[in-house]
Amino acid sequence: MCSGWNWVVHCLYLFLNICSFEVSGGLVQSCGHIIPESPVLALGSNFTALCILNESCLDFGNIYASQIIWKIKNKVVPKEQYREINRTVSSVTFNDTSSLATPLTCNVLADGQIEQNIYGISVTVGLPPEKPKNLSCIVYQVSKLTYPMKCTWNPGRHTFLDTHFRLKYRWSRESFPDCIPKYVNNSCTISDVQFFVNLEVWVEAANALGKAESDRLVFDPIEIVKPLPPHNLSVNSGILPTVLKLSWENRISAAVMKLKFNIRYRISSDTNWMQVPPEDIASPRTSFSIQGLRPYTEYVFSIRCMKEDGVGFWSDWSEEKVGVTTEDKPSKGPTIWRTIDASPSPAFWTVRLMWKALEPFEANGVILQYEVTVRAKPPLSHPPWRYNVTTTSLTLKLPNGTYEVTLIAHNRVGASPPSFLLIPASNSKAPVKNIRTLPKDGKLWVGWTAPNSVLKYVVEWCLMSNSSNCITEWQIEPGNIQGTYLKGDIKPFKCYLITVYPLYADGQGSGQSVKAYLQQDRPSKGPTVQTKKVGKAEAVLTWNHLTVDEQNGFIRSYTILYKTVDGNETAVSVDPSKTEYTLSSLTSDTLYTVRMMAYTDEGGRSGPDFTFTTQKFGRGEIEAIVVPVCLAFLLIVLLGVLFCFNKRDLIKKHIWPNVPDPSKSNIAQWSPQVPAKHNFSSKDQMYPEGSFTDVSVVEIEADDKKSFSEQDLKPFDLLKKEKSTSEGHSSGIGGSSCMSSPRQSVSDSDEGESTQNTSSTVQYSTVVLNGYRDQTPVQVFSRSESTQPLLDSEERSEDHAGGSDGMTQRQRYFKQNCGQDETKADRPFFERAKQIVPANEEDLAGFAQLQISGQSSQPLGFELEENTQEAALPDVLQASTEGQTVRPETVEGNLPSVDEMPKSYLPQTVRQGGYMPQ
Amino acid sequence: MAAADTPSASLRHHDLCSRGIRLARKMRSDVTDLLDIYVEQQGLDASISVAAVEGVPAAAAERWAEQTGTQRLLDNLAAYRAFRVLLAQMLEEQREQLGDANGELGPALAAVLLQVSAFAYHLEELLELESRRTPAEEGSEPPAPPRLSLFEQKLRGLGVLRELAQWAVRSVRDLRQLAKHGPGSSAALGLADSQ
């Protein structure tokens, strides 16, 4: 960058000179120049430049030194830095060259105004070179005869100038050409050096501001050689299975230097290198036998070298070479263990012998087979069983007893020492005690308190999981220890069941188990809680234990958290063995949210929320309230009935006031016939004299009745009564012209034609009875002369019920009321009734009444009767409370006491205005 | 002599002898290799016999064992100075013949020349330790060799290299003798050693 800038400055300078030449040389003579010309200045030093004007210009252009202006680039230098030496020379001084820039120009103001350039120079500012430091050299061997030497140094600070470095070297009496670095300034390589002659080496740095030399190094290049590593390595198996012979070629002549070596080797599957002791290979050689290797193992070798006396540098490591040692017989027998399944028959065991494949360093080759020998004890009981297997397990069915198992592994070279396992008839020896576990260094340690004279221990463990069976793993430990690490892939957050068996020379102790985690975590979920029973102030909660896969650790406690919608959360700690808990002191009829947390040593996790509502009443509370209330109600009713019974006369007096006897009215004579002709004795009883107050009487042909036999009539006695009542009612209603519905009269009749409009035949008529209570009932009709039709509502009702021929039907009804219809078979009643059904419920009630009256002998009629009775109760209540006259029949039908009928009926007439007490 | 008695001078003498021996060995090794290259490159037969070349000092000495140390050094120095001139001349001839494309012969020759120079330097150092003035070289310019044919040049070069190989062996033995007896043992002690 610096050199680029200098180049630009130089170009500018040339341009200025050329311009000056063209102007002055060609046409105008140059008027002056600057001294020094293009100086190279040390950074931070002071500098003075002089501008000298030509004499010719003084005369020609009246230009003097006092008019000179110095400029750096386009910036005028302050006049304080000027000094007019004489009338042709002006100087400018800079105390610090760092303020300088290129170009520095000398200018004049011609005619006092026009600025003209006289001359310009370029200024280069930089630093002298520093003394190169840390010079060091190394001779790299690149071939058998070529030894270039590379020297490096620290060039020092940046000088801002073109600085040249030279590596100089010489013998004391002979110099060599300098080594000039290419592209760099801190290293240079001498292509070839001569050994065994001291070489003096130094670095020289030079630029326009000076020169500097490094300290001088004097050395024999043979002392700084980094040789090439040996090559063509080969590995040969020795006679012994623990020896390999490594051979190589050196690439540096012994005449140049004697070498010592380093040999490293490792098992192929291992990354750690081992080294042959350096003192064993500290002398020149081209081969070495490495001993103490494992049989049937693949090794990787590598070698390096350096000058024998250790002066110089180690070579790089050579390429790696692989060698395999030969096989040897197995160094030890496989460890063996068993599982015993006593089912299905305790007399025979299913013994599964299992053993661990030997590690490669124990197998010392390829295991071809295992030889298993099972001997019963005492030995005379059965000859030994022998098996040759290639797998690592063997399942046998043996009679219950004591056995000794011997296991031998075979490879190509030979057999291993035997391994023994005693299978006693029972584990009668002392077990281990105080078994405990401890996670340590990412492994699980299990310890125990040992009984005496234990031969060895078997540690069994298995991963407990819901999703898979407990697959047992095991290891054998010597009898002199009281703890060991589990040798297997022990996973964190998993529960392991660990069992320790002590093995004795003459038996075995029973296994002691413990559960353990390598590392615990919070449970993966919380228990799902629900209510088993909810009361007013308590709730019984139940939950299931978390599965072992969900626990992730030992569940130390459960915490039940419950709260109301707007209340604080309450926590209850529960023993982890429990699966049920009763929350008490709850508020009745309140929604509670409850959840449950399970805690391990590492923390807890909450299960889902569950909501329940406590009951409003506790157990028996409702009964405690309802029963007394009912009893009280019944008592009140009973008392009321008794009171009414006792005061019935008084009640009657208040309810039925005295009514004038209509028989004494003149209008009574208007009646064409005397109703007494109708032999309604029962009706007379039912409506004693004076009980009618306002009755419309319909003319009925008494003779028609004669067409019925007495027997036929009997079933209609009740009907007759009803009809009479109905007539009375309807008359009354008709009289009142408001509540009475002709249909009620019709209901007494057999057919739909009975739905005659009363108003059409009996115009507003009033029946005035003579007596009330003690008066003789004389039925007199008082006919109104009004021809005003019945209220529209009644007419419409009639229209709906009877259709367009309502009047005709009515007339027919009056004619046939006690005639043919009653003599006909029972069935038409039903048919007719069916026709009436669409009218309204009141019609149905009337129909039911007819059933009771006329069809009591019929099964269907009986059924209907029952229905009617069922429906009658609400009607009774309705009638008694509201005084409706709509269903007097029903009341009548349900209440056999005819005396009661008027009580419920007559007051209604009074209320409806059809009757005014007189 | 006084300087040679000091321990540092003794050490330096020993060091110079030791490194001189190794240099001579290396030179012997390199010259052997160079001979193979030379014979191959010049198209000569390795078994060809070359008569004694004029100007090449002979390594064989009639009463070698009786020589003093200084004498040995002087003989060696004279020989290697001569070899230096001869090898430089050979190198020049090789450049003239083959130009820059002379393969590995030129560098190998240059390397051997350098070693010859280095060994001469060793000898001069040892002579200085013996407090002997190093004899000046006989003129800066070697006498102009007679104009030889190309084949004669090749044969002469072969003779030079063979003799140099012989001298390398002799030099090792000479320096061993010097190293055994230390500095100042310039008297004729070779008799016992030669037994």
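Is K131(A) buried, partly exposed or exposed? With a relative accessibility of 40%, K131(A) counts as partly exposed, because that class lies between the limits of 20% and 50%. The model discussed in this report is predicted.

## Salt bridges

Over all chains, 29 salt bridges are counted. One of them involves K131(A), whose side chain meets that of D215(A) at 2.7 Å, N to O. This pair connects distant parts of the chain, 84 residues apart: K131(A) lies in the loop between β10 (124–126) and β11 of chain A, and D215(A) in the loop between β16 (210–213) and β17 (217–219) of chain A. D215(A) is exposed, because its relative accessible area of 51% is over the 50% limit.

A second salt bridge joins K71(A) to E115(A), with 2.9 Å between the closest N and O atoms. Here the partners sit in strands that are distant parts of the chain: K71(A) belongs to β4 (residues 68–72) and E115(A) to β9 (residues 114–121) of chain A, 44 residues apart. K71(A) is buried, at 13% relative accessible area, whereas E115(A) is partly exposed, at 39%.

The side chains of K536(A) and E621(A) also form a salt bridge, at 2.9 Å from N to O. K536(A) is located in the loop between β41 (529–534) and β42 (539–543) of chain A, while E621(A) is in helix α5 (residues 621–646) of chain A; the two are 85 residues apart and link distant parts of the chain. K536(A) is partly exposed, with a relative accessible area of 29%, and E621(A) counts as partly exposed at 27%. Elsewhere, R170(A), E200(A), E213(A) and R216(A) are joined into one network by salt bridges that share partners.

## Disulfides

The count of disulfides over all chains is three. Their sulfur distances are listed below.

| Disulfide | S to S distance |
|---|---|
| C51(A) and C106(A) | 1.9 Å |
| C137(A) and C151(A) | 1.9 Å |
| C179(A) and C188(A) | 1.8 Å |

The disulfide of C51(A) and C106(A) is left-handed, because the torsion about its S-S bond is about -85°. The link spans distant parts of the chain, from C51(A) in strand β3 (residues 47–53) to C106(A) in strand β8 (residues 104–110) of chain A, 55 residues apart. C51(A) is buried at 0% relative accessible area, and C106(A) is likewise buried at 0%.

The link of C137(A) and C151(A) is right-handed, with 110° about the S-S bond. C137(A) is in strand β11 (residues 133–140) and C151(A) in strand β12 (residues 149–154) of chain A, so described as distant parts of the chain, 14 residues apart. C137(A) is buried with a relative accessible area of 10%, and C151(A) is buried at 0%.

For C179(A) and C188(A), a value of -85° about the S-S bond accompanies a left-handed link. C179(A) is buried, with a relative accessible area of 8%, and C188(A) counts as buried at 6%.

Two further cysteines may be noted. C305(A) is buried at 1% relative accessibility, and C17(B) is buried at 0%.

## Chain B and its interface with chain A

Chain B contains six helices and zero strands. Of its 195 residues, 48% are buried. Among contacts in chain B between residues at least 6 apart in sequence, 89% join residues at least 24 apart. The accessible surface of chain B is about 9,700 Å², and carbon and sulfur atoms account for 52% of that area.

One salt bridge is counted between chain B and chain A. Its partners are D220(A) and R19(B), whose closest N and O atoms are 3.1 Å apart. Four residue pairs are in polar contact across the interface.

Definitions and conventions: Residues numbered from 1 in each chain as written. Chains lettered and ligands numbered in written order. Predicted model: local features only at pLDDT ≥ 70, side-chain atom pairs only at ≥ 80, totals over all residues. Heavy atoms only, no water. Disulfide = S-S within 2.5 Å. Helix = DSSP H or I, 4+ residues; strand = E, 2+ residues; numbered from the N terminus. Buried < 20%, exposed > 50% of the residue type's maximum accessible area, 1.4 Å probe, protein only. Contact = heavy atoms within 4.5 Å. Areas by Shrake-Rupley, 256 points an atom, 1.4 Å probe, with all protein chains shown as cover. Salt bridge = Lys/Arg side-chain N within 4 Å of Asp/Glu carboxyl O. Polar contact = N/O pair within 3.5 Å; in protein donor to acceptor, adjacent residues only side chain to side chain.
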